[in-house]
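Please look at the sequence and the model below before reading on.

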Amino acid sequence: MEPTEPRGPHAVDVLPGIDAIPDALWRRLAPADDPLWSRAVFTAMERGSIGPDGYAYLVVRRASRTVAVLPLCLFGGLRLDRIVGPRERRLLAPAARGLPRLLRLPTLFCGHLLGQGHILGPERGNPDVGRLLVAAVLEFARARRLRTVVFKDFAAAELAPLGAALRQAGFLVLPSLPDTELRLPYRSFDDYLAALPAKPRRNARSKIRKFAGRPGLRMEVLESFSHLVPQILALYRQVMDRADQTLDEIDAAFLTALRPEGGLRTRLVACFEGDRLVAFLLCLFHGAGATGARIGLDYALAHDARLYHNVHYAAIRLALRAGCRHIRFAQTAYTPKVEFGCDLIEQHHAITHLRPLPRVLLRRFLPPALARARADALGPHGPAEPRPHHQESRQDPCPE
């Protein structure tokens, strides 16, 4: 813990990990219906090697009462060529081969590496707390020489209380890839299908028939899947090898540490051909919310058997049976997600560099690069319309 000097009625502490935050406090502050914000997910992130070199939590207190919490992820050398779009990656390829150190960016991410960004706590909308947090983030970044700072995937309403402080600190606010959310006001999967527009409904039934007509395939829902971790990671690798961007990558330690505790329920939608796993969708549940967190596919079968669509249909069935009001999927494959009936939830990054010259270059070159990557990812589905609301940039893993 690194306490700062009190600034006005508030003070900020830096906590080194989720274990330093009392469980009851985290449960009280975290979004009740977002499984990615369960304490168990943050514990698994810290125990795995999914990308960051370290984690920290800024905790704002008024007297002895915690009023805001902001998680941080530290990257000592984030690879630029792994987070830009394919066009920029081709331009950077000579440097990646000859001078790879030039493409390593010491970076601090604020929010959630795997999901939508939030500031937790009853005073998250207080502009004074916002100014304090932005100042503390910059102070933390300078102390650790993390020169690029990103508030990742925040809804506009959540960034608004930070607005003046972000502008004063030179942050650039840009649209990021929207999240995908399927609302579930249905009593059954048949009701869900019946509510789809005619063409998506016909397509869904066709894909379900094609899967059912493929001999030897079966779908299971598993509560325990540690014995499948090597097969899970092999299928996940097939998807990641085709990804446009790879900010994070789950590993065996993350999967092993991801335990159903503190209200989190974990299920693996698993598709087998005989005894061999050929597709999976890792599903998380908390409160009335569900998330299809990570997917893996055997591309030798994926298209003909419609594996991508059918593991998602299985997840929707599962969420409906669990009484969930919505299920979220990743920032990827927008065409099938829109066909599923998902809304696109607008999100933003706020980005700056601690040094003046790189900050000027960032302002010049980053907006068009992000706009191109966003347009390529969204295709005919962009721009997304902003919506009030109660993670990973990937290409379509199974284009139809």
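Strand 2, which spans residues 54-62, is mostly covered, since seven of its nine residues are buried. Buried means under 20% relative accessible area, exposed means over 50%, and partly exposed lies in between, with a 1.4 Å probe and protein chains only. Helices (H or I, at least four residues) and strands (E, at least two) are DSSP runs, numbered from the N terminus. The model is predicted, so local features need pLDDT of at least 70 and side-chain atom pairs count only at pLDDT 80 or more, while totals for chains, interfaces and linings use all residues. Residues are numbered from 1 along each chain as its sequence is written, and side-chain values use heavy atoms, with hydrogens and water left out.

Strands of a sheet pair through backbone hydrogen bonds, either parallel or antiparallel. Here two strands count as paired if DSSP finds at least two bridges between them. Strand 2 runs antiparallel to strand 1 (residues 10-15), and six bridges join the two. Strand 2 also runs antiparallel to strand 3 (residues 65-79), to which nine bridges join it. Val59 in strand 2 stands opposite Asp13, and Val59 also stands opposite Val69 in strand 3. Strand 2 and strand 3 form a hairpin with two residues between them, and Ala63 in the turn has a positive phi of about 55°.

Strand 8 pairs with strand 9 (residues 265-273) in the antiparallel sense over six bridges, and Leu222 has Leu268 in strand 9 as its bridge partner.

## Helix 8 against helix 12

Two packed helices are described by the angle between their axes and the distance between the axes. The axes of helix 8 (residues 198-212) and helix 12 come within 9 Å and cross at roughly 105°. Helix 8 is therefore roughly perpendicular to helix 12; angles under 35 degrees count as roughly parallel, over 145 as roughly antiparallel, 65 to 115 as roughly perpendicular and the rest as oblique. On the side of helix 8, Ala204, Lys207, Ile208 and Phe211 take part, and they meet Leu307, His309, Asn310, Tyr313 and Arg317 in helix 12. The residues of this contact divide into five nonpolar, two polar and two charged. In this grouping, Ala, Val, Leu, Ile, Met, Phe, Trp, Tyr, Cys and Pro count as nonpolar, Asp, Glu, Lys and Arg as charged, and the others, Gly among them, as polar.

Which residues does Asn310 touch, not counting residues up to four places away in sequence? They are Lys207, Ile208, Phe211, Met219 and Ala305.

## Buried residues

| Residue | Relative accessible area |
|---|---|
| Asp153 | 2% |
| Arg306 | 11% |
| Cys271 | 0% |
| Cys283 | 0% |
| Asn310 | 5% |

Asp153 is found in strand 5 (residues 148-154), and its phi is near 55°, a positive value in a residue other than glycine. Arg306 lies in the loop between helix 11 (302-305) and helix 12 (307-321). The phi of Arg306 is also positive, near 55°.

A disulfide is a covalent bond between the sulfur atoms of two cysteines. With a disulfide taken as a pair of cysteine sulfur atoms within 2.5 Å, a search of the whole structure finds zero disulfides. Cys283 is in no disulfide, and the nearest cysteine sulfur, that of Cys324, is 9.8 Å away.

Key. Axes are lines fitted to C-alpha atoms, for helices over the stretch in contact, and angles run from 0 to 180 degrees between N-to-C directions. Contact means heavy atoms within 4.5 Å.
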